[in-house]
Amino acid sequence: MGVFWFFLLWALSLGVLSNGLTVNASSRPKAVKVGAIFTLDSTIGRVAKVAIEEAVKDVNSNSSVLRGTELIVDIRNSNCSGFLGLVEALRFMETDVFAVIGPQSSVVAHTILHVANELKTPFLSFAATDPTLASLQFPYFVRTTQSDLHQMSAVAEIVDHFGWREVIVVFLDDDYGRNGLSALDDALAARKCRVSYKAGIPPGDISRSEIMDILVKVALMESRVIVLHTSSTTGSKVFSVAHYLGMMDDGYVWIATDWLSSFLDSASPLHSGTATDTMQGILVLRQHTPDTERKRAFSRRWKELTRGSVGLSTYGLYAYDTVWLLAHAIDSFFSQGGVISFSNDTNLNSFKGSSNLHLENMVVFDGGPLLLKSILESNFVGLTGPVKFSRDKSLVYPAYEIINVIGTGLHTVGYWSNYSSLSIVAPETLYSRPPNRSSANQQLRSIVWPGDSVRTPRGWVFPNNGKLLRIGVPRRVGYKEFVSQVSGTNTSKGFCIDVFTAAVNLLPYAVPYQFVPFGNGRENPNYNKLVEMITTGQLDGVVGDIAITTNRTKIVDFTQPYAAGGLVVVAPVRKRNTGAWAFLRPFSREMWGVTAVFFLLIGIVVWILEHRINDEFRGPPKQQLITILWFSLSTLFFAHRETTVSTLGRLVLILWLFVVLIINSSYTASLTSILTVQQLYSPIKGIETLRDGDDIIGYQVGSYAQHYLIEGIGIPESRLRALGSPEEYADALLRGPKKGGVAAIVDERPYIELFLASQCRFRVIGQEFTKTGWGFAFPRDSPLALDLSTAILTLSENGDLQRIHDKWLTTRACSSDNTELESDRLHLNSFWGLYLLCGIACVTALIIYFFQIILKYRRAATNEQVSSGGSHSKRLQKLISLIDEKEESTRDKKRRKIENSLSDRNREIDMERNSQRHSQVSSQNGFNTRS
């Protein structure tokens, strides 16, 4: 048994495994080897190679990191080829390499990460920014730089900040470009913006003529905001061709992703100065790294090392930190007992000996899951700032610098971070404050745009393709003052046309358009169909008396309303004579009834409260009944002669007199209006009357009123009748529903105002029951709708809109405009609060009164010992007699008290006088006796 353990330990010390590879049984080997795959002669690769080599030197010179273990990085060139990258990755898998730095290209990453998954080897990329690489499909991929998901969010924030709604994306048509475009599309959609045109550039070497063909198509588009997401080689050619085509002039907006900042940062100073000649005014994104003393020291070291042959870009900083990240992870791996060991992949056993590829030589890294865990749990501060991963394996605190190319320099105009969005303050200073993403807090410094313009470009123009905008115009039959076609031509005229023309003239650019009449000319067209023609592409816009409704706003965009167009009811009215009973009209029947009841109620309540203590409310039943009626009615004129003695009675009477004062004032005002102002009467009181009745209702052909009455109000379609002109309106209203006409017409206010200007026999009944307006319709997200809205507001502010209105719609008013529709009667709803207060006072007073009566009854019952005997009838008689019993008032009690006091005083005086007299008599008698 001892011999067995001896040989086992000897075998482990030699590290002999079944696959022939040696491993070091010690947890801290003398050296560890990792691989690196990237394109050495690329813009990023030239910088990354130097940065990785310097990072390896720094790691190995720091004994506290790997604690005596040497880090060796084997660098291989992928030549930006997915195939060559795969080959180099397979070659690594045949060695003792257990982690790989790279790949640089997202295209190469998509190819070789399947190998990483199979052999459990972590790949740490400092430059592959494709957002889809972070998916669950590639668990052994670790991105040590920022994802394009954040970069495209920054681009979308910039677009939204300047109010642009459409962008054109010129992208490299590979995994890197397509997936970046997809992320930008989603970010723009979240801000109600969109990509209007996508121009893909084939990967690889492309000629200037091919780029020119692509950019010529871009120049014919409407949008002038162009996002360029390519490689440095292709992007430089794009800017050169764009400059040649005049696409770097005023009005254009170019936003380049971080490929350009990397290209300019890594170029030598002499070359970078000439490279920016064709890029003036563009915006560039750069991954933000905090400005620290350690970073500045490394920059000085870099300049001494490279002697200006290559500049330091952010990708170089991320490559440097990637080496340190891997070193810290390896140290943690060993500290947790990890061992660098490999085993055969059972899935490759079937290829053994079947070909010359020797796939069976590739081995699985047994410590892959533990090393991956150590990498993702790393937390240190590098040249790029905090190196720490979130739950989705992304670096924390993603941030970008927004750079403006001016002259030969790059000027930072702001920052973007997912913490506070756009800001002119560095993101690291904002992390200690509460996040503030309000629109007021989103700021950028002033920008010099292409063409040396400091004015923010509009972001779009009309396509320079020689086409005119097709603007649909309804061919109306009635109310031609609003819009009508000039006979024999395709031109139109009217109020709406003049407003549109005036608004277009205020735009800072020319709008080529032509009017396209819509309708047969015999009846008003269907406006819903006219608007729908915009969505089908048959029209580029619609101008006319187009009501802005909910259903229409779902498919098109409207300008600012230039006229109010809510629905109203118009009906015939007739004069109403006052008559002999006009004095009853101020109050409704309910009001008269409740008022009469309260007059009687107040009389009864006051009688109850005063009956026992006030002689004026006592006497025979007939006299008391007359007193009640007389007292209650006399309060109407404040002429009551009976005085109230009790406190409760006075309280009730005060409140009642206040109610009577209000009622008198209201009645007088209403009756005065009835007798002095000419009244017009209509049995229809508004839309509610039409809804609850069964009369025929008219509407204008083509108006949205039909849909609203059916869907919104619930009126059956059988009760609706289409009318086409003002003459038909008047005829149908005069005939009425009994003679084949209509009881009322529901239409938009502008039409009704024009109709009533010459028809004095009709009036608007009730209030406007919808709030809408007229606007010009354009396709969704059309910038023309926004600009025309601004122009319409300008017309309204400077008075031109009112002048156009007066030109077309101001006519002679009716001579009978001094008449008014019958005023509403005074209803109970206006006074129920007063009656409620008065009723509460009455009930409260009665409760207090009867409570006092009950107390007196109980005391009387106790004294006479009624409670101990007697029937219920006797008790009731006792209670009624107590209620009817005359009780002295407080004034009578005081008078009797004074009288009793005086009588007692007089009695004392008399007794004193009698005593004196008796004494005198006694003295006289004694004197007589002595005599």
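**Salt bridges, ring pairs and strands in a predicted model**

Arg 301 and Asp 58 are joined by a salt bridge whose closest N and O atoms are 2.9 Å apart. The term salt bridge denotes a side-chain nitrogen of Lys or Arg within 4 Å of a carboxyl oxygen of Asp or Glu. This pair links distant parts of the chain, for Arg 301 belongs to helix 12 (residues 293-306) and Asp 58 to helix 2 (residues 43-61), 243 residues apart. Helices (H or I, at least four residues) and strands (E, at least two) are DSSP runs, numbered from the N terminus.

The model is predicted: local features need pLDDT of at least 70, side-chain atom pairs count only at pLDDT 80 or more, and totals for chains, interfaces and linings use all residues. Residues are numbered from 1 along each chain as its sequence is written, and side-chain values use heavy atoms, with hydrogens and water left out.

The two partners of the opening pair can also be described by their accessibility. Arg 301 has a relative accessible area of 30% and is partly exposed, whereas Asp 58, at 15%, counts as buried. Here buried means under 20% relative accessible area, exposed means over 50%, and partly exposed lies in between (1.4 Å probe, protein chains only).

The structure holds 30 salt bridges. Another of them joins the side chains of Arg 178 and Asp 175, at 3.3 Å from N to O. Both residues lie in helix 7 (residues 175-189), and because they are 3 residues apart, about one helical turn separates them. Arg 178 is partly exposed at 38% relative accessibility, and Asp 175 is partly exposed at 22%. A further salt bridge brings together the side chains of Arg 296 and Asp 291, with an N to O distance of 3.1 Å. Arg 296 is partly exposed at 33%, while Asp 291 is exposed, with a relative accessible area of 55%. Salt bridges that share partners also join Glu 54, Lys 57, Asp 58 and Arg 301 into one network.

The structure holds 31 aromatic pairs. The ring centres of Phe 239 and Trp 259 are 6.2 Å apart and their planes stand at 25 degrees, so this pair is stacked. Rings of Phe, Tyr and Trp (its six-membered ring) pair if their centres lie within 6.5 Å; planes under 30 degrees apart count as stacked, over 60 as edge-to-face and the rest as tilted. The pair links distant parts of the chain, with Phe 239 in helix 9 (residues 232-244) and Trp 259 in helix 10 (residues 258-266), 20 residues apart. Both Phe 239 and Trp 259 are buried. Elsewhere, ring pairs gather Tyr 479, Phe 482, Tyr 729, Tyr 751, Phe 755, Phe 762 and Trp 774 into a cluster.

Strands pair if DSSP finds at least two bridges between them. Leu 228 has Ala 256 of strand 9 as its bridge partner. The path from strand 8 to strand 9 goes through helix 9, and this β-α-β crossover is right-handed: with the strands pointing away from the viewer, the path from the first strand over the helix to the second runs clockwise. Strand 9 also pairs with strand 10 (residues 283-287) in the parallel sense over 2 bridges, and Ala 256 stands opposite Val 284 in strand 10.

In a regular strand the side chains alternate between the two faces of the sheet.

An open sheet is formed by 5 strands in the order 2-1-3-4-5, with parallel pairing. Strand 2 (70-77) and strand 5 (141-143) stand at the edges with a single partner strand each, so one side of each is left without a neighbour in the sheet. Strand 5 is joined to strand 4 (residues 123-125) by 3 bridges, and Leu 124 has Val 142 of strand 5 as its bridge partner.

Gln 146 lies in the loop between strand 5 and helix 6 (148-161). At 4% relative accessibility, Gln 146 counts as buried. Leaving aside neighbours within four places in sequence, its contacts (heavy atoms within 4.5 Å) include Thr 129, Gln 287, Tyr 318 and Tyr 400.
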